[in-house]
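This report describes selected features of the structure shown below.

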Amino acid sequence: MKLKKELGLFDVFAVSTGAIFSSGFFLLPGLAAQYTGPSVILAYLLAGVLIMPSMFSVAEISTALPRSGGAYFFLDRSLGPMMGTIGGIGTYIALLLKTAFALVGIGAYGALFWAIPIKETAVVFAVVFAILNIFGARKSSGIQKIFVIGLLLVLGAFIVDGFWNIFSGNPSIGFDTDSYHPFFTKGLDGLVFTTGFVFVSYLGLTQIASVAEEIKNPERNIPLGMGLSLLVTGLIYVLGVFVMVSVIGNEALSGDLSPAATAVEQLFNWLPAKTGLYIIVVAALFAFASTGNAGMLATSRYPLAMGRDRLFSEKFSKISRWGTPIPAILLTAGLIVLFILVLTEEGIVKLASTFQLFIFMAINFSVIVFRNSKIASYDPGYHSPLYPWMQLFGIVSSLALMFYMGWGALAFTLTTILLAYLWYLFFVRSKVKREGAIYHWFALLGKHRHDELENEFMMILREKGLRQDDVLNQTIVRSQIHRVKKAMFEDLVQDVANSMAVELNTDRNALKEEFLRTTPIDPALVIPEVSLLYAKKPDIAHPVLHMALCVEGIEKPFEEKGTSGTEKIKIFFFLVNDANDPKQQLRMLASLLNIVERDHFTKDIFSLKSSKEVIEFLLHDKRFISFALSKNNPTNSLIDKRLMEVSLPQDVLVIFVDRENTSFAPKGNTVLREHDVVTIVGEPKSINTLYDRFILSR
């Protein structure tokens with residue numbers, strides 16, 4: 001069972017932003033200031049810049065492989081199961097610690113006003129967030145959006161009021177240059193160390209990759225959501241810390257464990273006494289609750305992904321009737337509760353961030369591996385800018401920050417790596433027969449190449465579907481249908497190649513040879529009684545599709561895993577794409593596969609009488625439908641009418657019209673003509689109504 005795709009753009013923004021804010025704003029500025037002074041503002045800015053390579057890399061891989069598991073899945077599929085195990089276990093532990101720390105923060109800030117036990121309160125919230133996550137990512141992200149909206153409103157008010165007091169409204173505060181002298185209290189080394197120290201403030205940014213499988217339209221929503229999150233949080237960090245430095249002063253700020261609360265005591269003077277303090281404490285509670293909830297959501301997907309791949313028990317891969325991984329959530333919640341009860345807060349963030357820097361190095365390297373593996377079905381909808389220099393910069397900068405974090409943190413990272421390697425050696429290696437994309441890169445290691453990896457990527461490509469700029473519908477509309485009797489396979493291929501060669505103005509024999517070379521196609525493309533043959537030609541105007549239908553079937557040779565034979569094929573697809581866009585061909589093939597895997601596909605095709613009916617059958621889908629307007633069937637009621645005059649269900653939309661070999665997006669006053677091919681998208685129930693009305697009723 002697959003996870004439900006329930007998360008939209010604002011959900012992505014909320015999960016990512018919610019995983020960032022907590023200690024980074026309410027705790028770390030005072031601790032960080034003691035290492036570099038007022039330049040702590042610059043440290044926050046540099047940390048935001050330095051995480052950008054990892055953000056770009058995570059966005060690229062997530063849009064190519066939207067699967068739960070985040071860093072684990074990326075490292076496993078790029079560098080192999082050993083690195084996947086190390087990265088998965090290490091990142092899982094780091095995120096558990098970060099989430100536990102956030103939940104402790106709820107208890108700590110709540111204890112400022114209410115007589116509540118800190119750790120027991122944290123445990124209660126761990127249970128609450130686990131229950132929310134069990135009943136669905138959508139419900140969890142709904143709470144997350146409330147947290148994030150409330151938090152952003154309060155922090156925005158803090159910054160606006162702070163700037164007003166600093167620059168015009170409060171003479172007792174004002175902008176004092178002495179607060180910024182010296183700007184670097186411990187030189188460049190202090191600034192670099194502090195940048196690494198506050199780097200943890202942004203680590204939640206890439207957590208969204210852990211729930212990529214549950215995101216709608218991931219190719220748009222993941223990079224856009226992450227980018228918006230970094231922009232918003234970076235501005236709030238820099239501007240908020242500027243307010244703290246200006247209002248409190250360098251000496252008072254250094255070592256302050258609640259700098260936001262200290263600063264707000266001099267702000268919000270237009271409100272009743274202590275109201276500002278109450279507001280900032282509420283914001284802190286929002287922040288820690290947001291981070292805790294987002295952490296529970298994202299972290300629980302690691303045992304899910306590792307259970308699927310048998311690196312953990314397969315029990316953790318089970319999905320409940322609510323579409324959530326209950327065993328993985330329960331394990332995550334249990335470990336978080338354990339860490340809350342037995343560990344102190346000191347050093348947790350530092351240790352977690354050091355291991356995350358190691359993971360970021362590996363993820364940046366993974367993009368280089370995927371790009372050089374030349375796996376055709378690695379098809380990201382978003383490409384990292386400035387490749388490979390962006391990734392190389394991310395690797396070098398992460399390595400430098402790791403060493404600045406100190407030997408204790410490095411020792412923790414190395415120990416975690418060693419324990420994860422031992423787990424792989426004794427419990428995983430004998431169960432998993434899989435290699436990463438890196439073996440596709442190094443041709444000399446071809447004997448270790450893992451062919452199933454390409455098939456898995458192809459299956460992911462099928463689930464992602466077409467992009468908005470793909471032209472499958474138009475290609476199907478223009479397709480030719482050949483009904484043939486008993487024939488030899490090579491004769492059929494030659495006849496179709498002859499026909500397509502005239503249409504494409506290309507060499508017929510070369511086209512035939514390319515079709516024949518695709519006969520032993522990948523297992524992911526094998527459908528009983530159906531065959532998909534494909535070719536690529538440079539600089540063609542548009543893709544071309546032909547179908548051959550033979551009721552009696554044609555014996556087609558095949559070769560697979562060292563064995564050969566023949567299989568009876570009744571339906572042949574011949575697809576030719578532009579050689580300059582091979583990724584589009586894969587997406588179109590993947591979408592054709594989704595069409596031919598419909599129930600009773602072969603039987604339904606042969607029940608249709610005309611080529612037009614076959615084309616309309618291929619175009620019909622749960623969420624869209626295309627049909628040609630004709631005076632000889634029920635579609636005649638649409639001819640010569642403006643689109644605004646046509647009676648259609650409210651939850652459908654006419655997205656384009658094909659007319660005389662051109663396609664365009666219609667407007668309300670567009671007049672529909674005979675022979676127009678209209679494509680409509682909408683909710684499945686309404687699309688089925690239109691199918692019954694205009695096609696089945698003929």
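## Helix pair H23 and H24

The axes of helix H23 (residues 489-504) and helix H24 (residues 508-517) cross at roughly 130° and come within 8 Å. H23 and H24 are therefore oblique to each other, and their crossing is right-handed. On the H23 side, the contact (heavy atoms within 4.5 Å) involves residues including Phe 489, Val 493 and Ala 497, and on the H24 side residues including Arg 508, Leu 511 and Phe 515. The residues of this contact divide into 9 nonpolar, 3 polar and 3 charged.

Oblique covers angles left over once those under 35 degrees (roughly parallel), over 145 (roughly antiparallel) and 65 to 115 (roughly perpendicular) are set aside. Helices are DSSP runs (H or I) of at least four residues, numbered from the N terminus.

## Basis of the model

The model is predicted: local features need pLDDT of at least 70 and side-chain atom pairs pLDDT 80 or more, while totals for chains, interfaces and linings use all residues. Residues are numbered from 1 along each chain as its sequence is written, and side-chain values use heavy atoms, leaving out hydrogens and water.

## Nonpolar cores

A nonpolar core joins buried Ala, Val, Leu, Ile, Met, Phe, Trp, Tyr and Cys residues through side-chain atoms within 4.5 Å; buried means under 20% relative accessible area (1.4 Å probe, protein chains only). In the largest core, of 127 residues, those touching the most other members include Phe 25, Phe 158 and Ile 280. Helix H11 (residues 218-248) supplies the largest share of this core, 13 residues. A second, separate core of 45 residues includes Leu 575 and Ile 605.

## Thr 416

Thr 416 lies in helix H19 (residues 407-428) and is buried, with a relative accessible area of 7%. Not counting residues up to four places away in sequence, Thr 416 touches Gly 90, Ile 93 and Phe 355.

Key: Helices (H or I, at least four residues) and strands (E, at least two) are DSSP runs, numbered from the N terminus. Buried means under 20% relative accessible area, exposed over 50%, partly exposed in between (1.4 Å probe, protein chains only). Axes are lines fitted to C-alpha atoms, for helices over the stretch in contact, and angles run from 0 to 180 degrees between N-to-C directions. A crossing is left-handed if the near helix is turned anticlockwise from the far one by less than a right angle, and right-handed if clockwise. Ala, Val, Leu, Ile, Met, Phe, Trp, Tyr, Cys and Pro count as nonpolar, Asp, Glu, Lys and Arg as charged, and the others, Gly among them, as polar.
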